[in-house]
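This report goes through one protein model, from its pockets to its strands and the confidence of the prediction. Please keep the sequence and the coordinates at hand while reading.

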Amino acid sequence: MKNIFLLTFILLFLTNCSSDSSPNPVVEEQMYFPPNDGTTTWTTKSIADLGWNQSAVQPLLDYLELKNSKSFIILVNGRIVMENYFNEHSATTPWYWASAGKTLTATMTGIAQQDGFLSINDKVSDYIGTGWTSETLAQENLITNRHLLTMTSGIDDYVGGVYSDDVDPSSLNYKADAGTRWAYSNVYVKLQDVIASASGQTWSAYFNSGLRDKLGMTGTWIQSGNNVVYWSTTRSMARFGLMALNKGKWNTTQIINETYFNQATSTSQNINLAYGYLWWLNGKASYHLPQSQLQLNGSIIPTAPNDMFMALGKNDQKIYIIPSKKMVIIRMGDAADSENLALSDFDETLWTKISALYQ
């Protein structure tokens, strides 16, 4: 009798164990990173593989071409899902990032900090000397590297009543104490001087070794008026976006520490909730636009995911990062409509068409 009870117990135990285990466990797809060997190798994934809506592809492409796009890429888990070029542009043609390149400067500031060259909480004048503005010494000494990262230097963004990107001392005038006013301004570029001084290298050399080459990017910084603008292929921009999706990590290497990257892509001050360290943030309660002190309620792009953060540049250069969907989207080209600094109505309509792919 004892043997019968023992046998019954063992059978029940094995049955329960079998029912608790899934015969076909779901294996999460690993993130893919393209090789850094200079080849064009990049793994793809089809719309069909993702179960997306194939009929939404052509309306999206038609809209992109209509709106003066040069290139468009969607990555999911690092794999190319869409890659399209328009208006005689190609995969090997460089194009300008405009202010989307601000995020390169923000990233390099974090790298310089982890390399021990600087602290974002230090005064700017600790690195490039005093007199870099036309402010009084007391006013200038309030400005830290963090203030440049968050667009809260307090420096007037208008010179003679006209928006100015001039960063000569004569054009950098006091408007408010640092930290008390948000204004989209080209003064952030002084961070490149800070990094060069702190590292003892030229800005380009430190950028190339610290970020570009580690991601397998190509591209170069080109002087354009008062700005230094990054030019690269669309895939190089996508490589940077992929690193951003992975919170500063490229393959098995942490290029920039995750703590800093999380700070960079979170609300950085209490004036413009939709701004981090030179990154734009979607899904916040309110936002400010460039050249405006008006607070607007709601998300910047209501048709896009709330967790999206963005690198946005003049004439609709776009890097969209959507962590919840493991997605990176790149758009390069001329202005979709009229010339703009970073944001335009184009974003909202574009996202209506993008989201039609997967909804």
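Which residues lie nearest the centre of the second largest pocket?

## The second largest pocket

In this predicted model, the second largest pocket is lined by 16 residues, and those nearest its centre are Gly38, Thr39, Thr40, Arg235 and Arg239. The pocket holds about 340 Å³ of space, and helix 10 (residues 234–245) supplies the largest share of its lining, with three residues. By residue class, the lining of the second largest pocket consists of two nonpolar, ten polar and four charged residues.

## The largest pocket

The largest pocket has a volume of about 480 Å³. Its lining comprises 23 residues, of which Ala98, Ser99, Asn227, Val229 and Lys314 are the closest to the centre. Strand 6 and strand 7 are the elements that give two or more residues to this lining, and the largest share, four residues, comes from strand 7. The lining of the largest pocket divides into eleven nonpolar, eight polar and four charged residues.

## Strand 1 and its partners

Strand 1 (residues 69–76) is largely enclosed by the rest of the structure, because eight of its eight residues are buried. Seven bridges join strand 1 to the antiparallel strand 15 (residues 327–333), where Arg331 stands opposite Phe72.

Strand 1 also pairs with strand 2 (residues 79–85), again in the antiparallel sense, over six bridges, and Glu83 in strand 2 is the bridge partner of Ile73. The hairpin formed by strand 1 and strand 2 has two residues between the strands, and Asn77 takes a positive phi near 55° there.

Thr109 is placed in helix 4 (residues 102–114). Thr109 counts as buried because its relative accessibility is 0%, under the 20% cut-off. Leaving aside residues up to four places away in sequence, Thr109 touches Leu118, Ile120, Leu149, Leu191, Ile195 and Tyr260.

## Confidence of the prediction

The protein chain has a mean pLDDT of 92, with 92% of its residues reaching 70 or more. Over residues 1–22, however, the pLDDT is below 50, and this stretch has zero contacts in the model beyond near neighbours in sequence.

Methods:
Residues numbered from 1 in each chain as written. Predicted model: local features only at pLDDT ≥ 70, side-chain atom pairs only at ≥ 80, totals over all residues. Heavy atoms only, no water. pLDDT = per-residue confidence, 0-100. Contact = heavy atoms within 4.5 Å. Buried < 20%, exposed > 50% of the residue type's maximum accessible area, 1.4 Å probe, protein only. Pairing = 2+ DSSP bridges. 1 Å grid on protein atoms, 1.4 Å probe; cavity = no way out; pocket = protein on both sides within 12 Å on 5 of 7 lines; lining within 4 Å. Points joined across faces, edges and corners; volume = space filled by probe spheres on them. Nonpolar A, V, L, I, M, F, W, Y, C, P; charged D, E, K, R; others polar.
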